4 protein chains.
Amino acid sequence: MRRIDNFKSIIDRYEVVFFDAFGVIKNYSGLVPGIEKTFAYLESENKEYYIVTNDASRGPSQLAESYHRMGLTAITENRIVSSGMLTKEYLDLKVQDGIVAYLGTKNSAHYIERSGLEVLSMSEVNESNMDKVSALIFLDDEGFDWCEDLNKTVNLLRRKTIPAIVANTDRAYPLSASNVSIAIGGIAAMVESVVGKQFIRFGKPDSQMFMFAYDLIREYRQISKREIVMVGDTLNTDILGGNKFGLDTVLVLSGNTLARDVETRVTATGIMPTYICESAVVSLDELAF
Amino acid sequence: MRRIDNFKSIIDRYEVVFFDAFGVIKNYSGLVPGIEKTFAYLESENKEYYIVTNDASRGPSQLAESYHRMGLTAITENRIVSSGMLTKEYLDLKVQDGIVAYLGTKNSAHYIERSGLEVLSMSEVNESNMDKVSALIFLDDEGFDWCEDLNKTVNLLRRKTIPAIVANTDRAYPLSASNVSIAIGGIAAMVESVVGKQFIRFGKPDSQMFMFAYDLIREYRQISKREIVMVGDTLNTDILGGNKFGLDTVLVLSGNTLARDVETRVTATGIMPTYICESAVVSLDELAF
Amino acid sequence: MRRIDNFKSIIDRYEVVFFDAFGVIKNYSGLVPGIEKTFAYLESENKEYYIVTNDASRGPSQLAESYHRMGLTAITENRIVSSGMLTKEYLDLKVQDGIVAYLGTKNSAHYIERSGLEVLSMSEVNESNMDKVSALIFLDDEGFDWCEDLNKTVNLLRRKTIPAIVANTDRAYPLSASNVSIAIGGIAAMVESVVGKQFIRFGKPDSQMFMFAYDLIREYRQISKREIVMVGDTLNTDILGGNKFGLDTVLVLSGNTLARDVETRVTATGIMPTYICESAVVSLDELAF
Amino acid sequence: MRRIDNFKSIIDRYEVVFFDAFGVIKNYSGLVPGIEKTFAYLESENKEYYIVTNDASRGPSQLAESYHRMGLTAITENRIVSSGMLTKEYLDLKVQDGIVAYLGTKNSAHYIERSGLEVLSMSEVNESNMDKVSALIFLDDEGFDWCEDLNKTVNLLRRKTIPAIVANTDRAYPLSASNVSIAIGGIAAMVESVVGKQFIRFGKPDSQMFMFAYDLIREYRQISKREIVMVGDTLNTDILGGNKFGLDTVLVLSGNTLARDVETRVTATGIMPTYICESAVVSLDELAF
């Protein structure tokens, strides 16, 4: 575990960089200042990069658009790997027909629709269509009535043996410097404990996220895990998951892990990044040389 | 572990009977048919009895009234020991002043009010009064907006170090023969896991419930634990808790535990009642003799 | 939560003091220096006190002797409440006959023997006597072969539905300034997770420990919970348990909780002592006045 | 979920078959009777197959030899994917030098040795070499003194921040029709809970196991997840993991899941195999046609 002042010097050692989104590229008030220089540098060096993010609230094209609106046009749809995309892959492979009920906004469900599958908000599930529900997905904490629709979900899962998929395992997400919101992963864990059944979860630290990104690269080039580095702000998702998958990892201090706590938290959790770096921003000075 | 057909023969061996409420005396459609005969018999024999129930939605007088409305007038306020009463005792002993914020109906908070303490629904907690909040109580799953008020609760507990008390640890409760509702204990467990702090929990199987009832008896008479039997329908609350407190226990099959599952569930959990009995109803035939 | 320099001033507010043992009165190298003055002061003031300790390795008379050998003669057998004594009470009330198998030293099992019950080390349980085993107790981490006897225990509990009692829930205990040892509570948790059955646990923070001590006092005098203070070095056993039982609590910094961590750990856990004090030692200066 | 009498008809729908080992191909008394016909059929049809097994007690060549000794010569070293192999990959990618301490037999550590890394049994770790320990691996429940070496492990991990890798997450394994043994995964979970750090775990249901096998195939041919079926006897490892990875799954009733329990367990866990089949044996009758 080494402290490195210079993010560029880390990038220079790898062929491909995986970035977590929240706390690394953006935060609750917009882009991390200066992060566009990092992506400019990556482009200039012809380095590959992917955003590997626990997010199922939108599809990859909408996620890319959200970066564009903030002024980061480098991040295109094909650069994004989200836990929502794993959920879509699961449905494609494992759910042939019927209705996929979901908890989330209409928007969050949009990109998992496909011919042969009807998607339906839990708020619209009722006695007349319940028989056709063949899977349930936890997508987003918005877009439904927590009390009414979670109770309906509990009773649906007690009555029917169908797969329940948690498309984002995070328990909370930041709203501002001081406030968080309960995330769909936290809600799903409550439903799971009430129902007593085993749900299927997608999202870091689970290695399936990293594998999905790894496979995207291998479609067009050869790559070893040694040539990829994972950059994240959270020890128990980004760093634990990256390490376990066999990647080198960079903990940046621009998000969940504060500079003053980093030693304590690494020691307490036993989760060790390969490098610790202030942020994922490549400084102008570095670029000058 | 013995199967006994005759609930009266069990009662006859003890001085005091503790009853769980739901699944033993009442269910979602009203009183367990015939249960009034059990209480008539207890009265005729001058046996003591207490209702020991995980319930914080109402105070003991309102709980007693609810039995009266169903036609069971034997159960008076002083016969009831609820997890809500332990919460009240905690506040009396440990919280001197300030505002006690609560999640639940106004009714659920009514009986914990006392001079020196203001109780305030989480929906009314805001920046202007948050500084005075000295404790938080989880009382009932109704009476608040799950999404808005649970997020507010999470952020209150992240900001302030105050005791958080779960007045009913049950994760779900039955609404009908086929449906359940998420209970405040399930909701509190989600908030606890998001916040990462340790809450204080009251309710069976915790022994403090049994001790509270035991102390009520000892105020006016001497009693040994050997002379008390706990009657319940749920292995991991009523029976586990009763056993651990040192009481003999009766598992009745009129609620959560079905006759066809009882062997499997006792073996799987390792929780063994002293007796298994169809129900807590004393039959007319038995009374004839 | 108040920091108090002066342990005597805390004592002076209460009628009865409960002390944790390890980290408060003694540590791995002997008595906490000066602690005998605290007990001298308590005696001089005619204050009651009890040692409330998670320990099942010896009976109360042997625990008392161990204090005497260290030079603290004030602590007599009747001042000690241990999790082992709750286990003994459980057996007295709930196990009528048969063999009680145990994991621990012969010494640890000695004080739970009584007429009608045979106690037998798991190392001596075999096909010929297994049928008579009516309960299993986890007493101490020493006195048996971990590999052989824990595997035998797992298979005994898979074959027979009998109560399994954990007489000390601590997962580890300190051996020296830098080393710990896995405790019987940690071992029991492993066996429980492998077997999948629910064990019965005794020890702080569970309120039954405090209740046992509270009952001892009430045998000879009236006392309110307001008049008792619990002194301990560990937030999640001594302080959490004391608070929940309704007692005022003192966190001392002579054991598990270090002065430099105390703010962080109280905030992180949400477990708040009434007072924080350097140690449970009453200084000579204080006694002079 | 469909019950299929005829295992051959399942195989015929897929290009590649993944088999769990224990409870599918072999059990405590040797090979599952008739299983060699299944492998003969696979060979005759030129179908690929892999053994995907939670086992870190031996390397793949020794695992293959053990099948040969039982008379199943079809299973060669390159057909085996074990959780131990993932551990080896982790060390190759993430641990450059130093000593890798292990819990297990000398044999279990043999195949992870490589130039640049010294492997050393925890029983041989001492003050003189502890500084050089750069990783710790849980390999097997045999080959060390549980009491002495687990306590040493706890203190090593408290003192040093190094990765701790659990090479087999199973908590128990069967020894005979009625007896099990605590497995290294159960032991590791105890150490993890005592130490309070986060370990790295390899083994089903984690998707990294399936990915490893999937990658082996893709080295020489193109394959879709739709063309692979996972055959296992355990819902919460083989079937949950296979489903999540996107494979079709077959639950066989020759091991952990009994025919009489299968409905109950699928409903209770919510883990649904694509097919349920008596065993993985292709019958002679089937082959005749």
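Colleague: In which helix is Thr38(C) found?

Modeller: Helices are DSSP runs of H or I with at least four residues, and strands are runs of E with at least two, both numbered from the N terminus. Thr38(C) is found in helix H2 of chain C, which covers residues 35–44. Please keep in mind that this is a predicted model, in which local features need pLDDT of at least 70 and side-chain atom pairs count only at pLDDT 80 or more, while totals for chains, interfaces and linings use all residues. Residues are numbered from 1 along each chain as its sequence is written, chains are lettered from A and ligands numbered from 1 in the order in which they are written, and side-chain values use heavy atoms, with hydrogens and water left out.

Colleague: Is Thr38(C) buried or exposed?

Modeller: A residue is called buried under 20% relative accessible area, exposed over 50%, and partly exposed in between, using a 1.4 Å probe and protein chains only. Thr38(C), with a relative accessible area of 0%, is buried.

Colleague: Which residues does Thr38(C) touch?

Modeller: Contact means heavy atoms within 4.5 Å. Leaving out residues up to four places away in sequence, Thr38(C) touches Phe7(C), Ile11(C), Phe19(C), Ala280(C), Val281(C) and Val282(C). With Ala280(C), the backbone oxygen lies 2.5 Å from a polar atom of the Thr38(C) side chain. Ser283(C) is 245 residues from Thr38(C) along the chain, yet their C-alpha atoms are separated by 8.0 Å.

Colleague: Which residues of helix H3 in chain A are buried?

Modeller: In H3(A), residues 60–70, the buried ones are Pro60(A), Leu63(A), Ala64(A), Ser66(A) and Tyr67(A). Viewed down the helix axis, these buried residues fall within an arc of 155 degrees, so they line one face of H3(A); the arc is that of the directions from the helix axis to the C-beta atoms. They pack against strands S3 (26–27), S4 (30–31), S5 (48–53) and S6 (80–82), and against helix H4 (83–94), of chain A. After H3(A) comes Gly71(A), whose phi is positive, near 105 degrees.

Colleague: How many disulfides are there over all chains?

Modeller: A disulfide is a pair of cysteine sulfur atoms within 2.5 Å, and by this rule the count over all chains is zero. For Cys147(B), the nearest cysteine sulfur is that of Cys147(A), 12 Å away, and Cys147(B) is partly exposed at 28% relative accessible area.

Colleague: How many residues of chain D are in contact with chain A?

Modeller: Here 39 residues of chain D are in contact with 39 residues of chain A. Buried area is the accessible area, with a 1.4 Å probe, that two parts lose on being put together, summed over both. Chain D and chain A bury about 3,200 Å² between them, 52% of it on carbon and sulfur atoms. On the chain D side, Leu93(D), Lys94(D) and Lys244(D) lose the most area to chain A, together 20% of what that side buries.

Colleague: What rotation superposes chain D on chain A?

Modeller: Copies are superposed by least squares on the C-alpha atoms of residues with pLDDT of at least 70 in both. A rotation of 180 degrees, with 0.0 Å of shift along its axis, superposes chain D on chain A with an RMSD of 0.0 Å. The two copies are therefore related as by a two-fold rotation axis. By contrast, no contact joins chain B and chain D, whose closest C-alpha atoms lie 11 Å apart.

Methods:
Polar contact = N/O pair within 3.5 Å; in protein donor to acceptor, adjacent residues only side chain to side chain.
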